[in-house]
Structure formats: C-alpha cells, structure tokens
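Notebook open, model loaded. I want to go through the charged pairs, then the rings.

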Amino acid sequence: MSVTMLELDNLEKDFGNSKAVDGVSLTVKKGEFIAIMGPSGCGKTSTLRMIAGLDSPTSGEIRLWGRRINEDPAWKRDAPLVWQNYALFPLMSVRKNVEFGLRQRGYPSARRVRKAEEWMERMGILAFADRSIDQLSGGQRQRVALARALANEPEMLLLDEPLSALDPHLRIRMQAELVRLHRELNITFIYITHSQSEAFAMADRVVVMNGGRIQQVATPQELYRRPANRFVAEFIGGNNLFSGQLDGSGCRFTTAARDILVERPSTPPVGDAACLMVPADRIELDNHCRGSGNEIQAHIATIEINGSTATLHLESDAGEELQVQTSMRELDTGRYLVGSPVVARWQAQDSLLLSA
C-alpha cells in the first residue's frame, strides 16, 4: 500500500497585496504521478516552487516523510525541477550538463562519468554527449534536462510545463517516455501543465487550481465525468452547461429557454441557482423530434475535426449553443453537414447538477 510522502498543509504565498496561493492542502503518495493544472495565474507554478524550495511559504507547512521542510534549501530536498525552458548550461557539453548535479554532490570522477553515461544511454542521447546544447533539437534538450535531473536518482521529480515548447508529435512521444520512466523508476512525479490532454494521458490524479485554490483533486476519469463545480466543468471542456434552477420536485431544471429533465439528485446544489452539465459525448443526434425526454431542435453551425472524432457545434432555435461529440465514421455518412437541422437528445441520468 502506498504511503504518504509529501504533504502540503494550508499553504499560502503572498506577493505584496496579491495572494498567489491561498490555503492549498494536498497529500501525495510515494510513487504517484500528480498533475497540477489550471489557467495562467492560478498558483500552480508558485506551489511547485515552494515544494522545490525556491520560494518560502507565507504560511502553512510543507512536510516530506512527515518532517517539516519549509526552511530546507532546495539542494537538500532531493527534488530536482525540470524547467519549461530546460535551464541547461549553454557553454557546457551534453555530458557536462548531465554530470553537473553529480559533481555538485561530490561523486568521484569515475562514478560520475559512469552514471552520466548510463543516463545518457537510457535517454537516447549518448551519441550527442560531446555536442554543445545549441546543436540539439528541442526534444534532445528535453532528454538532456531529464537525464541531468534523474542522474542523482531523486525520490521526487518536479516538472514545470516541460513539453510546452515541443512540436505536437514530439510532445506525444515525450509523454510516453515520461510515463515509462515513472513506471520503471517508481519516482514521485509532480507535473505542472496547461494541457488537459497531457494531464489526462499521464497522471494518476489531477489537481485543478483557480485563483490560488484547489478546485478538485481526482483521477482523470472522475474529473471528466464528475467535475466538482462549474469552473472545473468549463476548464475541462467538452461539456454543455446550462444556468437555471432546480424545481421543487427535484426532477426538472428550468432555464431561460426550456425545462430539462434530470435524475433526482441525492444532494441538491446549495441555493436556488445551479448549473446543469451535459457531456458532449452523451448527446445523440436525430433528424426528427420524438416529443419526449430532453430534446433540442438546432442546426449545425460548425464542425471541428479532431483526429478520429469530431465535435459538432450546434445553435438552437432559442439561441442556445451546444456541442456534440461523434466519430469520424458517423460524419463520413454525410448525414451531418454545416447548416443541417438536427435534434439533440439525451437521457435524464446524463444531466449532472453542479454548484454554480
């Protein structure tokens, strides 16, 4: 059973009158892959910098294996940080960059060379060992940064948007590489990203932040299917959101344009105002109304193709905007064209009530 490795307890960070991190509490297990994501300015990088020891918390506590480390310098935490721009030394060769942390820790020369070569080979960059950094591609630089961080065999690796500068195809390859390394090394990864696809593809749990606070911590599937509130549902995307009120029966949600049937919630949202979420992949399309259940007459405004899937953006007769996910195979039938009238339909149990 995994044991608790890192604890953030009511962590806060102020910059003048601005509160970058506001009461963040999080428990991380040994060997977990945690992704922290949110919009720019949400506090995710400030949180990572405090874990790394580069910034001191204004208040709250950071504990590693149960021991407070607020005052410990970065070098003492055994948690190297891989930066977005890699932070490699341009005047050093690849070999010297990878050896740098080992040299700082006082490794004997022979052992330092052996370990550096081992990690360069493991990361597929041994052939470039004597090249300068400016002779490498973005993907190769990323591998050098990872080799330098992992050569010390840390118990925790921190990554600040390390794939954001890579081309899309390289990003996918490096995602697979990071997942493989995490599985093989059993090192705790804490990964900062703007990208939902990166977080969902790699992380065991995802932390969503906004305004310096944690909005939800969950597995990717839980986050997608059961967001905690409207912000999370909007940030994750792929959801249709309606504002309105739940009636007294608890089975009907009233918006400005229509009533929507819902499954009676066991815990109704607090207050009269609420938000209704219908996932885009839970909506079916038809060519005619059946006169029962949840149906919205609309037309296809635009079609967005995403590989083997497509998102149809609809506009209803009442001015509502909806999105529906379907397969390219379905689109290939020619049934759905821009401007075509359609009926969007979904089951009451696919409507999720959220706190506004």
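I began in helix α5 (residues 168-185), where Arg180 and Glu177 sit 3 residues apart, so about one helical turn separates them. This is a predicted model, and I keep that in mind throughout. The two side chains form a salt bridge, with 2.3 Å between the closest N and O atoms. Arg180 is partly exposed at 22% relative accessible area, whereas Glu177 is buried at 13%, since the cut-off for buried is under 20%.

Next entry: Arg225. I find it in a salt bridge with Asp281, the closest N and O atoms being 2.8 Å apart. Arg225 belongs to helix α7 (residues 220-225) and Asp281 to the loop between β14 (273-279) and β15 (284-286), so this pair ties together parts 56 residues apart in sequence. Both ends come out partly exposed: Arg225 has 26% relative accessibility, and Asp281 has a relative accessible area of 32%.

Asp350 is in the loop between β19 (341-346) and β20 (352-354), 68 residues from Arg282, and the pair links distant parts of the chain. Arg282 is partly exposed, at 38%.

Across the model I count 29 salt bridges.

On to domains. The chain splits into domain 1 (4-225) and domain 2 (238-355), and I get 39 Å between their centres over C-alpha atoms.

Then the rings: a search of the whole structure gave me 5 aromatic pairs. Phe89 and Phe100 have ring centres 4.6 Å apart and planes at 50 degrees, so I put the pair down as tilted. Phe89 is in the loop between β6 (81-82) and α2 (94-104), Phe100 in helix α2, 11 residues apart. Phe89 is partly exposed at 29%, and Phe100 is partly exposed at 26%.

Stacked or tilted for Phe242 and Trp346? Stacked, because the planes are at 20 degrees, with the centres 6.2 Å apart. Phe242 is in strand β11 (residues 239-246) and Trp346 in strand β19, 104 residues apart. Both residues are buried.

Phe33, Phe189 and Tyr191 make up one aromatic cluster. Lys13 lies over the face of Phe15, 5.2 Å from the ring centre.

Conventions:
Residues numbered from 1 in each chain as written. Predicted model: local features only at pLDDT ≥ 70, side-chain atom pairs only at ≥ 80, totals over all residues. Heavy atoms only, no water. Salt bridge = Lys/Arg side-chain N within 4 Å of Asp/Glu carboxyl O. Helix = DSSP H or I, 4+ residues; strand = E, 2+ residues; numbered from the N terminus. Buried < 20%, exposed > 50% of the residue type's maximum accessible area, 1.4 Å probe, protein only. Domains from an automatic or database assignment. Phe/Tyr/Trp six-rings, centres within 6.5 Å; stacked < 30°, edge-to-face > 60°. Lys NZ or Arg CZ within 6 Å of the ring centre and 35° of its normal.
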